Amino acid sequence: MKVKVNRNAAKVLKDMLNTPEAEGKKIRVIITQDHGNHGHYDVVLDTPTEHDEVVATDKGIEIVLDTRQPLLDGVWIQYFYVPQEGFFITNPSTGFLEK
């Protein structure tokens with residue numbers, strides 16, 4: 001499985017990992033709504049389970065993905081400050097929707 005993270009998202013995700021509630025956890029990308037050929041995504045703090053793959057990114061962050069969810073393979077996690085601050089998570093190979 002593959003994950004791509006932009007520079008802004010890497011900074012925000014690293015900040016999330018440096019909080020007390022993140023101790024022992026990793027960043028997980030989840031699908032909040034599955035529409036068959038695309039999904040709505042979000043990021044949460046979680047621990048890996050038996051069906052997960054921990055994917056290392058080029059930004060030094062490990063992302064947990066559920067291998068049973070094909071829409072997660074190839075996600076691109078971006079963070080923008082304008083026009084509205086927040087994550088924009090897409091999967092260019094399957095279509096996309098923002099968080």
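Visitor: How many salt bridges does the structure hold?

Guide: Six salt bridges, in what is a predicted model.

Visitor: Which side chain does Lys26 meet in a salt bridge?

Guide: Lys26 meets Glu62, with 2.6 Å from N to O. Lys26 sits in strand β2 and Glu62 in strand β5, so the pair ties together parts that are 36 residues apart in sequence.

Visitor: Why does 14% make Asp66 buried?

Guide: Because buried means under 20% relative accessible area, and Asp66 has 14% relative accessibility.

Visitor: Which residues are linked in a network of salt bridges?

Guide: Arg28, Asp46 and Asp52 are linked that way.

Visitor: Okay, on to the sheet. In what order do the strands come?

Guide: The order is β3-β2-β5-β4, four strands in an open sheet with mixed pairing. At the edges stand β3 (39–46) and β4 (52–56), each with a single partner strand, so one side of each is left without a neighbour in the sheet. From one strand to the next, the twist averages 30 degrees.

Visitor: How many bridges join β2 to β3?

Guide: Eight, and the two strands run antiparallel. Within that pairing, Ile27 stands opposite Leu45 in β3. The two strands also form a hairpin with four residues between them.

Visitor: What is the phi of Gly36 in that turn?

Guide: Gly36 has a positive phi of about 90 degrees. For background, most residues other than glycine have a negative phi.

Visitor: What about β4 and β5, in which sense do they pair?

Guide: They pair in the antiparallel sense, over five bridges, with β5 covering residues 62–66. Val55 stands opposite Ile63 in β5.

Visitor: Where does helix α1 lie?

Guide: Helix α1, residues 7–17, lies across β2, β3 and β5, and runs at about 110 degrees to β2.

Visitor: Which residues touch the most other members of the largest nonpolar core?

Guide: Val3, Leu13, Val29, Val43, Ile63, Ile77 and Phe87, out of 21 residues in that core. The elements giving two or more residues to this core are β1 (3–5), α1, β2, β3, β5, β6 and β7. The largest share, four residues, comes from α1.

Visitor: Which residues does Val3 touch?

Guide: Leaving aside residues up to four places away in sequence, Val3 touches Val55, Thr57, Ile63, Leu65, Val75 and Ile77.

Visitor: Switching topic: which residues does the cis peptide bond join?

Guide: The cis bond joins Val82 and Pro83, with omega about 0 degrees. Pro83 has its place in the loop between β6 (75–80) and β7 (86–91).

Visitor: Last one: where does Ser93 lie?

Guide: Ser93 lies in the loop between β7 and β8 (95–96), and Ser93 is exposed, with a relative accessible area of 60%. C-alpha to C-alpha, Ser93 and Val75 are 8.5 Å apart in space, though 18 residues apart in sequence.

Terms used:
Residues numbered from 1 in each chain as written. Predicted model: local features only at pLDDT ≥ 70, side-chain atom pairs only at ≥ 80, totals over all residues. Heavy atoms only, no water. Pairing = 2+ DSSP bridges. Axes fitted to C-alpha atoms, helices over the stretch in contact; angles between N-to-C directions. Contact = heavy atoms within 4.5 Å. Buried < 20%, exposed > 50% of the residue type's maximum accessible area, 1.4 Å probe, protein only. Core = buried A, V, L, I, M, F, W, Y, C linked by side-chain atoms within 4.5 Å. Salt bridge = Lys/Arg side-chain N within 4 Å of Asp/Glu carboxyl O.
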